[in-house]
Amino acid sequence: MFNGLSLEQAPPISVVLRFFITLPIFGIVLALLMIAAPDELLTLGHWYSLGAIHLLFLGIVSMGMIGALFQMQSVLGGAPIQNPHRHSLIIHALLSVGITALVGAFVWNIPVLFMVASIALGGALIYFATIMLPLLFGTLSHDTLKGMRFSLLSLFLTATLGVIMAVSYGSGVISDHHITVRTVHYSFGLMGWVAALIIYVAFQVVEMFYVTTSYSDWCKTNVKRIIGSMLAFKIVGLVGNLPFVWVFDTVVAVLLTGFVVTTLKRLKTRKRRVGDVSIWFWFAGLGLLMIAIITYGAFLVLGLSSLVSVALIAFALFALAILLGMMGKIVPFLVWFHLNAAGFMETPIMSTIISTKRLKLTFWFFITTALLALMAPWYPWLLRGAGIVALGLFTVIATNLIMATRLYAHVLKTGTKFSFDIP
Amino acid sequence: MIELDVRDLEHPVPLGLAVEAFKKLSIDEVIHMIHRKEPRPLFEILTKNGGFYHSVQDVQGLWHIYISRNSGIDLETFHV
């Protein structure tokens, strides 16, 4: 009784895991940078600071989100990606080379590395666009898929502007519109790509993982419209050098506050209060997002640069918290799912694939890193402490991923398949 | 018919329960799973391991999934 769904909806496990496993490597590099140069990292606009920001948002957050998109796109009912193994290998290789070159260019100030980064990152994102976007146009029934489409378009705009800036850094020709381009680049990156994607993924996974009431149809339909229109107005305001551009940021801040409140309400009134580390990450992430909103609002009023640093750190940690919470769910599920799909009797139960003890350790490393990093704009030496703890955090994440992969490989090699008598 | 009402359970617990029940399923038995979502990943596991299913959504929005490992059983007749 086959009802029309593809039998090969889910991509191979390696497609997703290669992105996830790269994430702690960039995380360890970031932690070392935090230990080596805390003062430079906390100076807005410093080359080291730009290197760290791109390590965090590209090397860690985007690497994880692109890996998760390969899984979610097809499972949510979008058209399956053809040849996912080959496509993910090419995108992953280009992204890894591009991110390494970009961070190297910022840290060591080597112009040719900006050119390498432009080619690799530009190539990765054009390639990703050509395979992913056609699958997300046409008739889509799922709000999360529509949200993914909006986020991906934002990512491509962010990346295009990023490539333009990298070329200008590499060639030494900085245009008169550089500051406008940079503002549009990070606005679309932070709001259109990171925040919108997390919100649309939340619409799907909060209800699914925690058995809550679903978000309203109004939210599902209008979040992308509001973020998209505010970003468009902001571009017009910036290009036209108009006053009151902050109004558009404020509307997005109100929207994000609404997301925090509605999500917290759902999590607090969930049906089954099962102990789950991933929900700790959700609470932490939502708290961090509120800190980011409040400190950014305080910056608009008071104009203190330390408040922008706190807002940016809190926003990055919000994205990381949600990503780590979701990875703690996705990785065991993928191992379990692919072993079961292959029919292995020895498929472990999901809760044993990454032990609760190690997930809790990941969370406490994360919280400690977050607290130290949030205080660092006033006490820069704390960023060195945050870096040391972050080293532990990313080492534990790497261990979790490696052990889950080894368990998968072990069952694949030594397991026996269940079979039925043919009727 | 084996009843498996998982509508109040968080993902991915329903999948784990369904797969365990499927592994123990005898040739003439049918699992009736009630879920608040259509469990698409489960269908891939079932079809790759000799299973058959029929899923249908009722007027309340709940999904009823009928599972067997016997191609001779017409699962569509189980839904009333």
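Figure 1. The expected span of a helix is 1.5 Å times one less than its number of residues. In this predicted model, H10 of chain A runs over residues 277-302, so 26 residues in all. From first C-alpha to last it reaches 37 Å, close to the 38 Å expected.

**Figure 2. Where chain A meets chain B.** Chain A puts 26 residues into the contact and chain B puts in 27 residues. On the chain A side, helix H7 (178-210) and helix H11 (305-341) each bring at least two residues. H11(A) gives the most, with 4 residues. Sorted by class, the side of chain A that touches chain B comes out as 19 nonpolar, 4 polar and 3 charged residues.

**Figure 3. The largest nonpolar core, around A:Leu317.** This core has 160 residues. Those touching the most other members are A:Leu30, A:Ala196, A:Ala314, A:Leu317, A:Phe318, A:Ala319 and A:Ala321. H11(A) supplies the largest share of the core, 25 residues. Zooming in on A:Leu317 and skipping its neighbours within four places in sequence, you'll find it in contact with A:Leu288, A:Ala370 and A:Ala373.

**Figure 4. A hairpin in chain B.** Strands E3 (residues 52-57) and E4 (residues 63-68) of chain B run antiparallel, joined by 6 bridges. B:Gln57 sits opposite B:Trp63 of E4(B). The hairpin has 5 residues between the strands, and B:Gly61 takes a positive phi there, near 95°.

Definitions and conventions:
Residues numbered from 1 in each chain as written. Chains lettered and ligands numbered in written order. Predicted model: local features only at pLDDT ≥ 70, side-chain atom pairs only at ≥ 80, totals over all residues. Contact = placed C-beta atoms within 7 Å. Nonpolar A, V, L, I, M, F, W, Y, C, P; charged D, E, K, R; others polar. Pairing = 2+ DSSP bridges. Core = buried A, V, L, I, M, F, W, Y, C linked by C-beta atoms within 7 Å. Buried ≥ 20, exposed ≤ 12 C-beta atoms within 10 Å, placed from the backbone.
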